[in-house]
Amino acid sequence: MKTKYFLIFLALLLSAIIHNAAEAQSCLVMKYDADGNRISRRVTTNCNDQRDVVEVQEVETAGDVKVYPNPNHGTFKVIMTSFNKESACYELYDVNGVMLLSEKLHNDMTEIDIGTTAGIYLLKIRDGDNVTSKIIVIN
């Protein structure tokens, strides 16, 4: 009789272990290039992989605008090699389209600090009729 209960208990324990392994949480891990374009997407059951963020090197763009580091922790720099100091400005939007910041660009390098709120943001840089948009990822 004890053997019967032991086998039932063992079967229930094994089924619980198998069920937990089958129901393990999976995470979606994505990596982005410097312009915010997704370059890879993978599903993993090891959710600690999502903390491994690879630094992305900025590539030269036609608008001569660089934003680095991206991804960052709330502070990043905008570098423009040639711009009109009278008309150049930036606007920062959240994913809902709400403008968070708007300021003129006075120097070749501007440091922007938006705090530590993790998320994805859109940075629009206007220089006269030229508009450059960058996606900013904050961890």
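I'll begin with an open sheet of 3 strands, in the order β3-β4-β7, where the pairing is antiparallel. Keep in mind that this is a predicted model. The edges of the sheet are β3 and β7, residues 109-113; each has a single partner strand, so one side of each has no neighbour in the sheet. On average, neighbouring strands here are turned by 20 degrees against each other, ignoring direction.

Take the pairing of β3 with β4. These two run antiparallel and share 4 bridges. For K66, the bridge partner is I79 in β4. In general, strands of a sheet pair through backbone hydrogen bonds, either parallel or antiparallel.

Next, the core. How many residues does the largest nonpolar core have? There are 17, and F76, V78, L123 and I125 have the most contacts inside it. At least two residues of this core come from each of β3 (65-68), β4 (75-80), β5 (89-93), β8 (119-127) and β9 (130-138). As a general point, nonpolar side chains in soluble globular proteins tend to be buried together.

Look at L123 in particular. Setting aside residues up to four places away in sequence, L123 touches a list of residues including V67, F76, V78, Y90, L92, I112 and I136. E91, T132, S133 and K134 are also among the residues it touches.

Last, R41, which sits in strand β2, residues 38-44. Is R41 buried or exposed? It counts as exposed, because its relative accessibility is 54%, and the cut-off for exposed is over 50%. Beyond its neighbours within four places in sequence, R41 contacts L28, V29 and M30. K31 is 10 residues from R41 in sequence, and their C-alpha atoms are 6.7 Å apart.

Key. Residues are numbered from 1 along each chain as its sequence is written. This is a predicted model: local features need pLDDT of at least 70, side-chain atom pairs count only at pLDDT 80 or more; totals for chains, interfaces and linings use all residues. Side-chain values use heavy atoms; hydrogens and water are left out. A nonpolar core is a set of buried Ala, Val, Leu, Ile, Met, Phe, Trp, Tyr and Cys residues joined through side-chain atoms within 4.5 Å. Buried means under 20% relative accessible area, exposed over 50%, partly exposed in between (1.4 Å probe, protein chains only). Contact means heavy atoms within 4.5 Å. Two strands pair if DSSP finds at least two bridges between them. Axes are lines fitted to C-alpha atoms, for helices over the stretch in contact, and angles run from 0 to 180 degrees between N-to-C directions.
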